[in-house]
Amino acid sequence: MSDDHTGILRDAVPLFSKPAPALAEALVAYRKVLDSVHPLKGKHRAGLPQDVKRLSLALTAERGPGPQTNYLANPANLSAYLYYFLPWNIYRLSRLLTGLNFDLKDGDSLLDLGCGPLTLAQALWLARPHLRERKLRLVCVDQTGQAMRAGLALFDALTGEAGRNWTIDIVQAPAHKAPGGPFQVVAAANALNELSRGRGEEGHHAMERMAEMLTGRMAHDARLLLVEPGTRLGGKLLSRLRDMLLEEGLSPLAPCTHAEPCPMLAPRWRSWCHFVFPSDGAPEWLTNLTRVSGLDKDRASLSFMHMSAAEPRYDEARSRVVSHRFTLPTGLGAYACDHTGLRLLTFPAAPRGMVSGALLEAGLPAPKQRDAKTGTWLTPIRDGRGDAGR
């Protein structure tokens, strides 16, 4: 370290790398999978952009009642979801699963709560091709039978004969009535915000019940993967749920690099834990549908929590970038989270890899000075890798 106040960056590993050619090609071909399983008639095809826009407003509203229970039982909603939300969610999950240290052993079982049209199963198949040779059991639970049946048909069309290595059981039931397991992985993608409705004490008790329901179905060495949209609602929900899961004996694996209380819940901190990445590699047919629906998708975002029932070892030299880069009067900055809390990292030029979600390895000084505006630790850094940043 050059002095007592400046940190040295030794490595920066992006979480969301550009999709590999095989994944990009599979996403392009996914439109044919949709057309073969759920073909749209003329009327529904013509009205698809309007149906997408209407459903988007219902699903992304931070206030209001949100979508109706079993909203995917409505044919127009189901078509809009399958042709727009499903492929975008597969894209987002595939990008996450590609960069995440996430694996399953031969013979493992996975419980997918609020599975919808088997979004996670399809993303896992596309993003982790080495798993296709393994015998896995996926138990997919949702209240809407139409969505699950459509998802199972899509999975079969996507995977062909090779997909028979995976046993997929669909269970039409609310999450709290899911099979008890135990499972090696318990997962929920884009489902928790619908399972934890309620405010104040009601919402708190709902999340406590959810934490008990999730951990009660995990094997002694199991992992938990929760993914939500990158909205304030999704990010704050996961941060609050994280504290409850810590009390249940789980330990964070990612994005957290520590098991300390989540600094995003500090009263004066107005942002939330989420990650944004360019939507490069998204298929043209999907971006065109997005455009004609009047929606903007040049970037993708998500919030997630990967936790373990086993206690991992934490490296205090590691931190996670939890913001984009932004301009400061003295150069550039980005926020990172580590065992000391949130740090405002400052630098004259952006180091290579300093992007949202990146895992940093750096020699950072003990925190001494707080940023007057946000209360975060103020830490200047320099790139110690010997090559130019960008």
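**Close-up 1. Lining of the second largest cavity in a predicted model.** Leu9, Ser319, Leu345, Leu360, Ala362, Leu364 and Ile381 line this cavity. A cavity is a set of points, on a 1 Å grid over the protein atoms alone, where a 1.4 Å probe fits but cannot get out; lining residues have an atom within 4 Å of a point. The volume is about 30 Å³, taken as the space filled by probe spheres set on the points, which are joined across faces, edges and corners. Six lining residues are nonpolar, one is polar and none is charged (nonpolar: Ala, Val, Leu, Ile, Met, Phe, Trp, Tyr, Cys and Pro; charged: Asp, Glu, Lys and Arg; polar: the others, Gly among them).

The model is predicted: local features need pLDDT of at least 70 and side-chain atom pairs pLDDT 80 or more, while totals for chains, interfaces and linings use all residues. Residues are numbered from 1 along each chain as its sequence is written, and side-chain values use heavy atoms, without hydrogens and water.

**Close-up 2. The largest cavity, with a volume of about 160 Å³.** Of its 18 lining residues, Pro255, Cys256, Cys262, Cys273 and Met305 lie nearest the centre. Helix α9 (232-247) contributes the most, four residues. Helices (H or I, at least four residues) and strands (E, at least two) are DSSP runs, numbered from the N terminus. The lining has 12 nonpolar, four polar and two charged residues.

**Close-up 3. Helices α3 (residues 48-60) and α4 (residues 75-99).** Their axes, lines fitted to C-alpha atoms over the stretch in contact, come within 9 Å and cross at roughly 90°. Angles run from 0 to 180 degrees between N-to-C directions. The two helices are therefore roughly perpendicular (65 to 115 degrees).

Conventions
Parallel < 35°, antiparallel > 145°, perpendicular 65-115°, else oblique. 1 Å grid on protein atoms, 1.4 Å probe; cavity = no way out; pocket = protein on both sides within 12 Å on 5 of 7 lines; lining within 4 Å.
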